[in-house]
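Take a look at the sequence and the 3D structure below. Keep both in view as you read.

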Amino acid sequence: MSDSGGLPKGRDGEEHGAGSGGVPGGAAPGGPAGRPAAGGPTTERTGPGPGGGLLMGRPFGVPVYVSSSWFVIAVVITLLFAPTFERLFPQLESWKYVVAFAFAVLLYLSVLVHELAHAVTALRFGLPVHRITIQFLGGVSEIDKPQTAGREFAVAAAGPALSLALAGGFWGVGLALDVDSLVGRMVALLAVSNLMVAVFNLLPGLPLDGGRMLRAGVWGATKRPMAGTVAASWAGRVLAVAVLIGAVWWSHEDTGWTRVYTVVCGALIGGFMWTGAVQSLRAEQLRERLPGLRARGLTRRAIPVAADLPLAEALRRAGEAGARALVVVDANGSPIALVRESRVVNTPEQRRPWVAVGPLSRDLLPGMRVAAELAGEDLLAALRATPASEYLVVEADGSVYGVLARSDVERAFLDLMRPAARR
């Protein structure tokens, strides 16, 4: 396994989505709380981001990405609304496309403000906010899971609350404008769109904000996070089916591409809602099992060897000792490197008597020392901080306990996931 291989995301993150309301789109999909989505801190840059998309800025220190899928929906909105603006304002001529695109941008800026409401509330509670992504169906905020039902409710409710405030603000501004003017129409559309974003996201089912509020309510009443997740997950699945049925019913009098568009949008939104609801439940189930992932239980027995010892002899000694790992030590017996299993496997057997273990090892970095008592999310966080194929496991007094292989951790993680996937 390569040193830079990916490690399962153990943190049960939250993804708060804002849909794009009554225009094309809907609620953003909430992936597994750790979808997707959220790993440890990453190196940000302009250009494509680590999870896809363009980095547009860092309001309140939170990186904001725009997914390439947003440009698709922006074009769709532009093409759909351009004829409407042309009919209302014939003098626009070819500028109708510019105005329609400007509306798409303003709409998704409203979605961004919705997501920033989640992010700022989370930051006030001291919760890490890893990124905001604006995409095809709206926006997603990747936030670490709150540890109390009250904070869960507050973070989830912040987005819809601000969307309602925006709707009211735009409505108030619109009252002072001529509704038949271009600016008046734009303001009215933004008021209605923000209202629909808020109302849709308040629907009580995961992965919508209303689903997280429902989960928080059940969690607070029962004192069991899992009970809240189960209730909100099934509510989300019911809503997903309702969205699809509603789209078919809504379009039954339409014809041609209008009906196809409505049904396809309903299917996309319903599909993402269903997937998000199922994945949220699986993530919570995994989170309950994650403490069973312990460094001590996964550690391989190791023996110390000198850097100039032939590989064949090192393997012979390991076999006699019942060990599965080799630790390179200096003249004082202190660990200085770990022999990489992948390089041992790739060394032909006939060459092993002539190859020393030193060139097959990786120098022991500070981050490659793992406490034997680490478990669950803390263990995964420690391994993600310093990617490597092997880690030295040490006791509290600094003595060597053994070697932890990253592949063993990944295998154990997948074993934890399988029971959750069958539910």
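The paragraphs below go from the whole chain to one of its sheets.

Start with the whole chain. This is a predicted model. The chain has 423 residues, and 49% of them are buried. Here, buried means under 20% relative accessible area. The accessible surface of the chain is about 19,500 Å². Carbon and sulfur atoms make up 63% of that surface.

Next, look at how the chain is built. It contains 12 helices and 12 strands.

Now turn to one sheet. How do strands hold on to each other in general? Strands of a sheet pair through backbone hydrogen bonds, and the pairing can be parallel or antiparallel. In this open sheet, 4 strands line up in the order β6-β7-β8-β9. The pairing is mixed. Which strands form the edges? They are β6 (302-306) and β9 (361-363). Each of these edge strands pairs on one side only. On average, neighbouring strands of the sheet are turned by 35 degrees against each other, direction ignored.

Zoom in on one pair. Strand β7 covers residues 325-329, and strand β8 covers residues 335-339. The two pair in the antiparallel sense, over 3 bridges. Find Val327 and look across: Leu338 in β8 stands opposite.

Definitions and conventions:
Residues numbered from 1 in each chain as written. Predicted model: local features only at pLDDT ≥ 70, side-chain atom pairs only at ≥ 80, totals over all residues. Heavy atoms only, no water. Buried < 20%, exposed > 50% of the residue type's maximum accessible area, 1.4 Å probe, protein only. Areas by Shrake-Rupley, 256 points an atom, 1.4 Å probe, with all protein chains shown as cover. Pairing = 2+ DSSP bridges. Axes fitted to C-alpha atoms, helices over the stretch in contact; angles between N-to-C directions.
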